[in-house]
Structures are given as C-alpha cells and as structure tokens.
Amino acid sequence: EHVSIAVGRARLYADIRQSEERYRTLVENLGEGITIVDPEENFLFANKAAEKVFGVAGSSLTGQNLR
C-alpha cells in the first residue's frame, strides 16, 4: 500500500512539473507582456514581451518599482 501511494505521488509530482514547464514556456514566449507586481508595485516577474514594452532587457524589470 505504501509503495502504491509513493508511486502515485511520484506521478503526480511529475505531472505538476510538466505542467509548470509548459506554463513557463508559454508565458516566457508569449507576444503579450505579462508582469507580476507586489502590493508596493515592485516587479516580481516580467516576460520578454513586457521588457520590450517597458524598453528594458535582460530581466532588469525584476526588482524595479512600477513608478
């Protein structure tokens, strides 16, 4: 029974990793700008298209403030 549970969990984790990888690939290569900011308006994430919109390159938006 324990082995069956462990195998099931391993499959679940593998499925989650694969799903996250597909999501990451989609977001990073999307032609639309996507950003995540915290409540203080600091960029936590910006894809390449968002960096192009803001006129910066190389993940330089991350850590910057929107203002």
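**Questions on the model**

Visitor: Where is Asn47 found?

Guide: This is a predicted model, in which local features need pLDDT of at least 70, side-chain atom pairs count only at pLDDT 80 or more, and totals for chains, interfaces and linings use all residues. Residues are numbered from 1 along each chain as its sequence is written, and side-chain values use heavy atoms, with hydrogens and water left out. Helices (H or I, at least four residues) and strands (E, at least two) are DSSP runs, numbered from the N terminus. In these terms, Asn47 is found in the loop between S2 and H2.

Visitor: Is Asn47 buried or exposed?

Guide: The classes rest on relative accessible area with a 1.4 Å probe and protein chains only: buried is under 20%, exposed is over 50%, and partly exposed is in between. Because its relative accessible area is 2%, Asn47 is buried.

Visitor: What geometry does the aromatic pair of Phe43 and Phe54 adopt?

Guide: Rings of Phe, Tyr and Trp (its six-membered ring) pair if their centres lie within 6.5 Å; planes under 30 degrees apart count as stacked, over 60 as edge-to-face and the rest as tilted. The count by this rule comes to one aromatic pair. Phe43 and Phe54 form it, with 5.4 Å centre to centre and 75° between the planes, so the geometry is edge-to-face.

Visitor: What C-alpha to C-alpha distance separates Gly63 and Phe43?

Guide: Gly63 is found in the segment after H2 and counts as exposed at 57% relative accessibility. Gly63 and Phe43 are 20 residues apart in sequence, whereas their C-alpha to C-alpha distance in space is 5.4 Å.

Visitor: What N to O distance is found in the salt bridge of Arg67 and Glu41?

Guide: A salt bridge is a side-chain nitrogen of Lys or Arg within 4 Å of a carboxyl oxygen of Asp or Glu. A search of the whole structure finds one such bridge. The side chains of Arg67 and Glu41 meet in a salt bridge with an N to O distance of 3.1 Å.

Visitor: What is the phi of Glu41 near?

Guide: Most residues other than glycine have a negative phi. Glu41, a residue other than glycine, has a positive value, and its phi is near 70°.

Visitor: What C-alpha to C-alpha distance lies between Glu41 and Arg67?

Guide: Leaving aside neighbours within four places in sequence, Glu41 is in contact with Gln64, Asn65, Leu66 and Arg67. Glu41 and Arg67 are 26 residues apart in sequence, and their C-alpha to C-alpha distance is 7.5 Å.

Visitor: What distance in space separates Glu21 and Ala6?

Guide: Glu21 is found in helix H1 and counts as exposed at 54% relative accessibility. Glu21 and Ala6 are 15 residues apart in sequence, and from C-alpha to C-alpha their separation in space is 22 Å.

Visitor: Which element of structure holds Tyr13?

Guide: Tyr13 is partly exposed, with a relative accessible area of 48%. As for its place in the chain, Tyr13 lies in residues 2–29, which form helix H1.

Conventions: Contact means heavy atoms within 4.5 Å.
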